[in-house]
Every structure is written in C-alpha cells, then in structure tokens.
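Subject: The structure we talked about

Hi there,

Here is the structure I promised to pass on. Have a look at it first, and then read my notes below.

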Amino acid sequence: MVLLSGRLVVASHNQGKVREIAALLAPLGVEAISAGALGLPEPEETEATFIGNAALKARAAAEGSGLPALADDSGLEVHALDSAPGVLSARWAGPSRDFGLAMQRVWRELEAVGAQDRSARFVCALALATPEGAVRVFEGDVHGHIVWPPRGDKGFGYDPVFQPEGFDRTFGEMSHDEKLPLTHRARAFEKLLAALR
Ligand code: IMP
C-alpha cells in the first residue's frame, strides 16, 4: 500500500471538503491536488454506503490520474429520520446544491415525525486507492444534535444546524481551525494514518 508522500489526488469537487482534507495532509508534507483541478470527471455515487461510494470515487480518481487518490464520502445521519439523509446528504440539496433547502427539509421531516430526539451524527468514509487498484477505507464519526434555526455562516453543507456534543455552538459558528480536529473527517484520517504507520 502507498505511503502518504509526494502528490496525492483528492477525489472531490466539493471545495469545503478539499480544503479540510488538504489541511489534514499538509503537516505530512503531502501535496493535495483536487480532482476538479485535474479535470477528472465526477463519478456517479451508485453505492448504498459511505464506504462503497468512497472506494468508488478513490478508485476512479487513481485510475484517471495515475496517482494515489484519497476520496471522502460523508454525510449527516439523523437518528429520528432512520439515519436520513445519509448517503443522500448532497442530493437533498438538489441540483443547485442549496443547503438552505436541505437543512429546511431535515427540520420539516423532524417536525413531521414529531421527534423530540434531535440526535445526529456526521459520518465520513475515507478511501485511499493506488493506480494499481488497491483500496483501503476508514470510517470516522462525530455525534451531536440538530438545532433550528441554523446558526453561523462558516463551514459548508449542514454545518449551521449541527451542534457537536459538548459544545454550545454549531459547526457553522466555528472557525475552520476549531472545527477541523472535531470532525468525522479528522477521525477517519487518524485511523488511516494509524494503519499506514
Ligand atoms: P458527498 O460525500 O459528496 O456525497 O457529499 C456529502 C454531503 O454531506 C456534502 O455535500 C455535505 O453537504 C454533507 N457533509 C459532509 N461533511 C460535512 C461537514 O463536515 N459539514 C457539513 N456538511 C457535511
């Protein structure tokens, strides 16, 4: 399996994710190049799990670039909604990627089921693939709950409605540096590093 060194493709077209992954890689001296910057197509996420979709994206980017590739598939699971939106987290924002709408839908559906339980978690599967076809996947999560109305304009996606356990502010109210070590992405990344050591 590859060691994390040199150039690595970050198989994502989501600027928020690319920024967070590049920051996790920076201390290792790894140069992160986004799949978007290389003009690689975005494969359709056809799998039913975060792990399946992360592996699919990493494999496609490694094959397309000839470089090792790191892909993230992540999303929000709301307990009272049977873990929705889950792997459909990006799709709940519609073709215009309007996360204001996606957050409204989460709240509307929580009200529709009359849920007092607002617990939720962000989940991240990180897949590392080599151009030769080897793939390893690691999962991390962060627990918290849904708040309404949304608070904060930092971060991306569902950050303004997610308050991590032990904090009185949402991810949307935290700076990039404060949010990063708390995330599902950082936790999956720690596992990946531990496995490569
Ligand atoms: P995908 O992994 O490209 O399918 O997208 C997952 C979606 O989940 C993203 O578009 C975000 O909306 C959401 N998501 C994943 N991680 C985070 C996060 O750290 N904060 C807020 N939303 C996130």
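I start with the ligand. Two elements, β3 (69-78) and α5 (184-196), each supply at least two residues of the shell around the ligand. Of the elements that build this shell, β3 gives the most, with 3 residues. Please keep in mind that this is a predicted model.

The shell holds 18 residues, and those that come nearest to the ligand are K17, S74, F99, D159 and R185. Sorted by class, the shell is made up of 7 charged, 6 polar and 5 nonpolar residues.

Which atoms of the protein meet the ligand's oxygen and nitrogen atoms? On the side-chain side, a polar atom of E45 is 2.9 Å away from a ligand oxygen atom. D73 also brings a polar side-chain atom to an oxygen atom of the ligand, here at 3.0 Å. With Y158 the backbone takes part: one of its N or O atoms lies 3.2 Å from a nitrogen atom of the ligand. As for cover, the ligand taken alone exposes 490 Å², and the protein buries 95% of that. If you are looking for the site on your screen, go to the largest pocket, where the ligand sits.

Now for the chain as a whole. The protein chain has 5 helices and 6 strands. The C-alpha atoms fill a box of roughly 50 × 30 × 25 Å along the principal axes. How does the radius of gyration fit with a compact globule? A compact globule of 197 residues would have a value near 16 Å, and the protein chain has 16 Å, so the two agree.

Finally, a few spots in the backbone are worth a visit. As background, most peptide bonds are trans, and most residues other than glycine have a negative phi. Against that, the bond that joins A84 and P85 is a cis peptide bond, with omega at about -5°. P85 belongs to the loop between β3 and α3 (99-112). That loop between β3 and α3 also contains D82. Phi of D82 is near 55°, a positive value in a residue that is not glycine.

Where is the other cis bond that I would like you to see? A cis peptide bond joins W148 and P149, and its omega is about 5°. Here the proline, P149, lies in the loop between β5 (135-146) and β6 (162-164).

I hope this helps you find your way around.

Best wishes

Note on methods. Residues numbered from 1 in each chain as written. Predicted model: local features only at pLDDT ≥ 70, side-chain atom pairs only at ≥ 80, totals over all residues. Heavy atoms only, no water. Near = heavy atom within 4 Å. Polar contact = N/O pair within 3.5 Å; in protein donor to acceptor, adjacent residues only side chain to side chain. Areas by Shrake-Rupley, 256 points an atom, 1.4 Å probe, with all protein chains shown as cover. 1 Å grid on protein atoms, 1.4 Å probe; cavity = no way out; pocket = protein on both sides within 12 Å on 5 of 7 lines; lining within 4 Å. Sits in = over half its atoms within 2 Å of the grid points. Helix = DSSP H or I, 4+ residues; strand = E, 2+ residues; numbered from the N terminus. Nonpolar A, V, L, I, M, F, W, Y, C, P; charged D, E, K, R; others polar. Rg over C-alpha atoms; globule rule 2.2 N^0.38 Å.
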